[in-house]
Amino acid sequence: MSGTGRAARAEVERRLETARRGAELLDRKQRILRIAIQNRADRAEASRRRWEEAASAAGPWLGRALALDGLGRVREAVPEFFAEASVTWGGAMGISYPEDASVALPPQAPTAGSSALAYAAATHREALAAAVVHAADARALLLVTRELADTRTRQRAVENRWIPRLEDDLARIQRSLAEQELEESLRLRWAAGSI
């Protein structure tokens with residue numbers, strides 16, 4: 001900060017107050033993000049369990065279908081079109097993250113195989129839908145967690161670098177002003193004594 005006058009002191013005081021207020025806001029944001037992370041972590045854990053349960057249920061049915069119908073029938077049961085995932089984005093505190101996800105599954109073709117093949121197809125569709133939801137939940141958790149880390153870094157920079165630098169500048173300016181006032185006072189006394 002250049003300058004040592006009253007205007008420089010007022011500017012540094014204003015910047016110091018802004019930095020302190022910024023540190024407070026960053027601290028508040030961290031508290032809010034920690035709550036959001038806990039909520040997102042709970043949600044991601046629940047969706048992970050649903051996905052793993054659905055995948056565990058689908059695996060044996062595929063094995064049964066392969067044993068009963070063979071690989072050829074399983075390949076015939078594969079839908080002609082791909083599934084399409086869609087993600088609804090939302091956000092808070094300046095972060096954009098997935099709020100919800102869904103999957104549009106292609107129509108299930110009628111199978112000429114056993115009932116195990118039909119169950120295998122249905123359980124794999126459920127597992128895919130659960131996987132898409134979990135992927136969105138896991139991504140949201142990751143993004144909010146990254147934002148918390150970035151916010152901590154910014155707060156430390158403000159508290160450990162910016163505020164001390166401004167406090168040092170303010171102290172230097174105040175010393176300079178005190179010296180100027182002392183010099184002015186001495187000049188006035190000398191001038192009053194010489195008249």
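I began with the order of elements along the sequence, and in this predicted model I found that the protein follows the pattern α-β-β-α. I then counted the elements, and the secondary structure comes to 2 helices and 2 strands.

Next I looked up how spread out the protein is, and I noted a radius of gyration of 33 Å, which is well over the 16 Å that the globule rule gives for 195 residues, so the protein is more spread out than a compact globule. I also looked up the extent of the C-alpha trace, which spans about 120 × 25 × 20 Å along its principal axes.

I turned to contacts and surface. Among the contacts with a separation of 6 or more, 75% are between residues 24 or more positions apart. Of the 195 residues, 27% count as buried, and I noted an accessible surface of about 12,500 Å², of which 56% belongs to carbon and sulfur atoms. For charge, I recorded 30 positive and 27 negative side chains, with the centres of the two sets lying 2 Å apart.

Is serine 47 buried or exposed? I found a relative accessibility of 1% for serine 47, and because buried means under 20%, serine 47 counts as buried.

Finally I checked what surrounds this residue. A polar atom of the side chain of serine 47 lies 3.1 Å from the backbone oxygen of alanine 44. Leaving aside neighbours within four places in sequence, I found serine 47 in contact with Ala130, Val133, His134 and Asp137.

How values were computed: Residues are numbered from 1 along each chain as its sequence is written. This is a predicted model: local features need pLDDT of at least 70, side-chain atom pairs count only at pLDDT 80 or more; totals for chains, interfaces and linings use all residues. Side-chain values use heavy atoms; hydrogens and water are left out. Buried means under 20% relative accessible area, exposed over 50%, partly exposed in between (1.4 Å probe, protein chains only). A polar contact is a pair of N or O atoms within 3.5 Å; within protein, one must be able to donate a hydrogen and the other to accept it, and residues adjacent in sequence count only if both atoms are side-chain atoms. Contact means heavy atoms within 4.5 Å. Helices (H or I, at least four residues) and strands (E, at least two) are DSSP runs, numbered from the N terminus. The radius of gyration is taken over C-alpha atoms; the globule rule is 2.2 Å times the number of residues to the power 0.38. Accessible areas come from the Shrake-Rupley method with a 1.4 Å probe; for residues, only the protein chains shown count as cover. Lys and Arg count as positive and Asp and Glu as negative; His and the chain ends are not counted. The place of a charge is taken as NZ of Lys, CZ of Arg, CG of Asp or CD of Glu.
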